[in-house]
Amino acid sequence: MVARIYKPTRTAMQSGNARTKLWVLDYEPEQPRLVEPLMGYTSSGDMKSQLRLRFDTKEEAVAYAERHGIAYQLQEPQEAARRRMAYSDNFSFRRIGQWTH
């Protein structure tokens, strides 16, 4: 069973960086999900797919996986390129683009 170690990204509904500071270890599913015929629920016999471990650092997560003999894939986070801009730049004479109301 292969595990994935990654640092979660923020969701589209978040404006801040909440819940993105910890590293997460998730197991990849071994079995496909099945649709229960009567009610239509999805289910799986794979109990490790429900397990999610959180670590403070990447090194702790890797050490845990190696200590327990878990094969893992490490995904490094990609930092977002942000351009710093002041509010007053919206009203600058050097502003590129038309000013509309």
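**The sheet and its helix**

Tutor: Four strands make up an open sheet in the order β5-β2-β1-β6, with mixed pairing; strands pair if DSSP finds at least two bridges between them. Helices (H or I, at least four residues) and strands (E, at least two) are DSSP runs, numbered from the N terminus. The model is a predicted one, in which local features need pLDDT of at least 70 and side-chain atom pairs count only at pLDDT 80 or more, while totals for chains, interfaces and linings use all residues. Residue numbers start from 1 along each chain as its sequence is written, and side-chain values use heavy atoms, without hydrogens and water.

At the edges of the sheet are β5 (52–55) and β6 (71–74), each of which pairs on one side only. From one strand to the next the twist averages 25°. Axes here are lines fitted to C-alpha atoms, for helices over the stretch in contact, and angles run from 0 to 180 degrees between N-to-C directions.

Strands β1 (residues 2–6) and β2 (residues 23–27) pair in the antiparallel sense, over 4 bridges. Opposite Leu25 in β2 stands Ile5.

Which residues of α1 are buried? Ala61, Val62 and Ala65 are, where buried means under 20% relative accessible area, exposed over 50% and partly exposed in between (1.4 Å probe, protein chains only). An α-helix has 3.6 residues a turn, so residues three or four places apart point the same way. The cover over the buried residues of α1 includes β1, β2, β5 and β6. Glu59 and Arg67, on the other side of α1, are exposed. Just after α1, Gly69 has a positive phi of about 70°.

One aromatic pair remains to be described. Rings of Phe, Tyr and Trp (its six-membered ring) pair if their centres lie within 6.5 Å, with planes under 30 degrees apart counted as stacked, over 60 as edge-to-face and the rest as tilted. The count by this rule is 1 aromatic pair. Its rings, those of Phe55 and Tyr64, have centres 5.5 Å apart and planes at 45°, so the pair is tilted. Phe55 counts as buried at 12% relative accessibility, whereas Tyr64 is partly exposed at 21%.

Key: Contact = heavy atoms within 4.5 Å.
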